[in-house]
Amino acid sequence: MKSGSLLSLLLICIMLVSCAVNYTDSLSSQELMWLAREVIDTESGMRWLDEDIMLEFADDMPEYLRDFAVVRSNDAKNINEIGVFRAQQGHATEVFDMASRYIQSKQSMYRAMNYFPEEQEKVDNATVKIFGNYVVYSFLNEKDTSALYTEISDALK
Amino acid sequence: MRAEYYLIALAVLLAIIVVIIILFPGSPEENDEVGDDVILTLSDFAGSDYIEKIYFVGDSTTYHFYKGGIKLSHILVPDSCTLKLSSDILDVKVGKKSLTIPNAIAENKAEIAVLTVGVNGADSFSEKQYKTYYKKLICAIKEASPQTKLIIQSVFPVAEWYSKEKNGISNEGIDRVNGWSYELAKELGINYLDTQSVLKNENGAQILLYGENDGVHLNALGYEKILEYIATHAID
């Protein structure tokens with residue numbers, strides 16, 4: 001109950017902060033992803049995932065989603081991953097919840113199997129953020145995470 | 001007289017339907033390799049010649065086949081040794097090269113490939129997600145290497161204590177994905193190896209004698225048991 005209330009408060013805070021800034025809604029998720037990738041250190045490159053990736057989030061494509069783009073590292077030993085979602089007007093919180101569930105599930109898997117000890121920072125650092133109608137999540141190191149969210153925020157202002 | 005014509009016409013129609021069913025039993029994608037009973041049943045001991053024809057594809061539980069004497073060149077796993085079914089098909093190491101699983105099987109001209117995937121994320125997969133991703137992988141392998149005989153192998157059980165730890169891999173989850181794998185094998189007409197049956201204790205968990213201390217992976221004795229099962233449940 002206590003953690004649920006705290007989570008709700010946190011969500012409200014995030015919403016208030018994101019509402020305080022007027023973000024545009026004119027870029028597609030793919031366009032935003034192209035911009036985001038430019039600032040990430042992608043030595044091994046990242047590949048775009050097709051629409052089947054959405055099954056990892058929900059069995060059926062959510063109606064509240066306008067478009068999305070997900071990329072992952074080409075290197076199997078590197079867990080770099082970024083997801084960008086554009087929600088229908090007023091549905092960013094649903095997308096935020098969906099992405100949060102996904103991140104928690106992946107964190108559990110990575111921690112349970114412990115195959116990537118050198119990637120632990122990225123597992124712990126996984127984040128979901130709302131920018132107006134956009135929701136962005138990432139499994140990146142601290143430097144790349146910071147660069148990603150600055151780029152996204154700048155691109156949408 | 002008129003009734004006789006109707007009867008003859010009906011008989012001709014039925015004969016045509018029977019001929020069509022015999023000639024076109026189903027689309028090749030649905031069933032092009034085996035009959036309805038896809039579970040491999042007890043066979044004569046096929047021996048090491050048979051085992052040496054097999055390429056093992058999967059995650060760390062497949063990588064550990066080396067403990068049973070399988071050559072690393074016949075073990076196709078990602079560099080990280082972990083593999084979760086997903087919308088993208090991962091690369092595996094072939095010598096110093098990285099190839100997608102289908103291309104790795106094709107490049108090796110594998111006669112038989114045993115797929116063992118699904119333990120990672122066993123508790124979180126939905127049926128639609130699991131079957132869609134597995135089917136995608138199988139179809140890509142079939143396209144890249146049509147001559148390879150595919151076998152879907154059941155995922156191995158984990159230790160009872162591990163199953164209870166809520167690590168995302170429980171024996172209930174494993175049983176669920178194994179059931180989906182079997183249904184998929186039937187749908188696609190691919191042989192199914194029910195290996196998990198010889199690794200389970202009376203509670204449906206891993207027999208500890210076959211397990212490593214980590215609760216997931218098997219030891220050399222476990223892989224001996226698995227390879228014995230594979231060799232005595234061989235395809236023709």
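**Two chains and their interface in a predicted model**

Chain B exposes about 11400 Å², of which carbon and sulfur atoms supply 57%; accessible areas come from the Shrake-Rupley method with a 1.4 Å probe, and for residues only the protein chains shown count as cover. The model is predicted, so local features need pLDDT of at least 70 and side-chain atom pairs count only at pLDDT 80 or more, while totals for chains, interfaces and linings use all residues. Residues are numbered from 1 along each chain as its sequence is written, chains are lettered from A and ligands numbered from 1 in the order in which they are written, and side-chain values use heavy atoms, with hydrogens and water left out.

Chain B contains eight helices and seven strands, where helices (H or I, at least four residues) and strands (E, at least two) are DSSP runs numbered from the N terminus. Chain B has 236 residues, and 50% of them count as buried (under 20% relative accessible area, with exposed over 50% and partly exposed in between; 1.4 Å probe, protein chains only). Contact means heavy atoms within 4.5 Å. Of the contacts in chain B between residues at least 6 apart in sequence, 70% join residues at least 24 apart.

Chain A has five helices and five strands, and from the N terminus on its elements follow the order α-α-β-β-β-α-α-β-β-α. In chain A, 48% of the 157 residues count as buried. Contacts between residues 24 or more positions apart make up 63% of those in chain A with a separation of 6 or more. Chain A exposes about 7800 Å², and carbon and sulfur atoms supply 52% of that area.

At the interface, 19 residues of chain A are in contact with 24 residues of chain B. The size of an interface is often given as the accessible area lost when the parts come together. Chain A and chain B bury about 1800 Å² between them, 53% of it on carbon and sulfur atoms; buried area is the accessible area (1.4 Å probe) that two parts lose on being put together, summed over both.

Five salt bridges are counted between chain A and chain B, each a side-chain nitrogen of Lys or Arg within 4 Å of a carboxyl oxygen of Asp or Glu. In one salt bridge, the side chains of D60(A) and K128(B) meet at 3.1 Å, N to O. Helix α3 of chain A (residues 92-113) provides five residues, the largest share of the side of chain A that touches chain B.
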